[in-house]
Amino acid sequence: MVQRLHLVFGGELVNPSSTQFADVSKIDIVGMYPDYATAYDAWKGAAQRTVDDAHARYFIAHLHRLRDEETAASPTEELG
């Protein structure tokens, strides 16, 4: 079975209409999740906690889309 990892993260943006973080050292890493539904629930909870802050925004990164299974592994993957 293919694993489809998702990362939920967010924080304060420079401008609510952009995706540039005000301070990357303060990005909130909510967690890594094995499927979209679980990641969505985590995203929704984080987003609801910051609903009154117009500059706060959370995202779901589809980590499985960053990998191409047809491409040879990088040296760091081969160590695993």
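Two strands are taken to pair if DSSP finds at least two bridges between them. Helices (H or I, at least four residues) and strands (E, at least two) are DSSP runs, numbered from the N terminus. The model is predicted: local features need pLDDT of at least 70, side-chain atom pairs count only at pLDDT 80 or more, and totals for chains, interfaces and linings use all residues. Residues are numbered from 1 along each chain as its sequence is written, and side-chain values use heavy atoms, with hydrogens and water left out.

The protein contains two helices and three strands. Their order from the N terminus is β-β-α-β-α. The three strands build an open, antiparallel sheet in the order β2-β1-β3. Strands β2 (28-33) and β3 (56-62) form the edges, each pairing on one side only. On average, neighbouring strands of this sheet are turned by 15° against each other, direction ignored. Seven bridges join β1 (residues 6-12) to β3 in the antiparallel sense. Glu12 stands opposite Ala56 in β3.

Helix α1 (residues 36-49) includes Lys44. The C-alpha atoms of Lys44 and Tyr58 are 8.5 Å apart, and the two residues are separated by 14 positions along the chain.

Of the 80 residues of the protein, 24% are buried, that is, under 20% relative accessible area. Among contacts (heavy atoms within 4.5 Å) with a separation of 6 or more, 63% link residues 24 or more positions apart.

Terms used:
Buried means under 20% relative accessible area, exposed over 50%, partly exposed in between (1.4 Å probe, protein chains only). Axes are lines fitted to C-alpha atoms, for helices over the stretch in contact, and angles run from 0 to 180 degrees between N-to-C directions.
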